[in-house]
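Open the model in your viewer and show it as a cartoon. We will go from the whole chain down to single residues.

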Amino acid sequence: MFWKRKARFWTDAIYLVYTDAEAGAEWWISTFGAKRVALPEWDDPLPNDIAVQFPDGETPSICISTSEDVRRSGLDRASTPHPVVVCNDIELASQHCQARGASPTAIHDGRGPRYFEITDPDGNLIEICEDV
């Protein structure tokens, strides 16, 4: 039987701020095949937080907040300096993102793991790096 390889994505925890949390969640769903899940018992939840997880993930790993909620709360929800998502195959991951309209940069191949970057609709830079 022939098995087609697919790009797999994972991360520990990412906190992102969006002008519109629903639109931010939809971007992760359409770009990575993530799914919206019930908000777990994370620290300092905000009223409009949304949790998503990657398709192969077992726990929510992405918390999406609205910029208005973050401003009102005074919390720092920025992933510093930018969020990193790990993948199993950098070429497949780049093709996957390109096919979903995410416009990946060229793959950087130098010291350390190979990676590329994408930018979401709110301008958040996201690094996709290959698991080593």
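Helices (H or I, at least four residues) and strands (E, at least two) are DSSP runs, numbered from the N terminus. This is a predicted model: local features need pLDDT of at least 70, side-chain atom pairs count only at pLDDT 80 or more, and totals for chains, interfaces and linings use all residues. Residues are numbered from 1 along each chain as its sequence is written, and side-chain values use heavy atoms, with hydrogens and water left out.

**Stop 1: the whole chain**

Colour by secondary structure. Trace them along the sequence, and the pattern reads β-β-α-β-β-β-α-β-α-β-β.

Along its principal axes it spans about 50 × 35 × 25 Å. The radius of gyration (taken over C-alpha atoms; the globule rule is 2.2 Å times the number of residues to the power 0.38) is 15 Å. That agrees with a compact globule of 132 residues, because such a globule would have a value near 14 Å.

How much of the chain counts as buried? The share is 41% of the 132 residues. Buried means under 20% relative accessible area, exposed over 50%, and partly exposed in between (1.4 Å probe, protein chains only).

**Stop 2: the open sheet**

Hide the surface and look for an open sheet of 4 strands. Its order is E1-E6-E8-E7, with mixed pairing. The edge strands are E1 (9-10) and E7 (115-119), and each pairs on one side only. Two strands pair if DSSP finds at least two bridges between them.

**Stop 3: strand E8**

Select residues 125-130, which make up E8. Is E8 mostly covered or mostly open? Strand E8 is mostly covered, with 5 of its 6 residues buried.

Show side chains here: Val-86 stands opposite Cys-129. In a regular strand the side chains alternate between the two faces of the sheet.

**Stop 4: the hairpin**

With E8, the pairing is antiparallel, over 5 bridges. Click Phe-116, and opposite this residue you will find Ile-128 in E8. Then click Thr-119, whose bridge partner in E8 is Leu-125.

What do E7 and E8 form? They form a hairpin, with 5 residues between the two strands. Finish on Gly-123 in the turn, which has a positive phi of about 90°.
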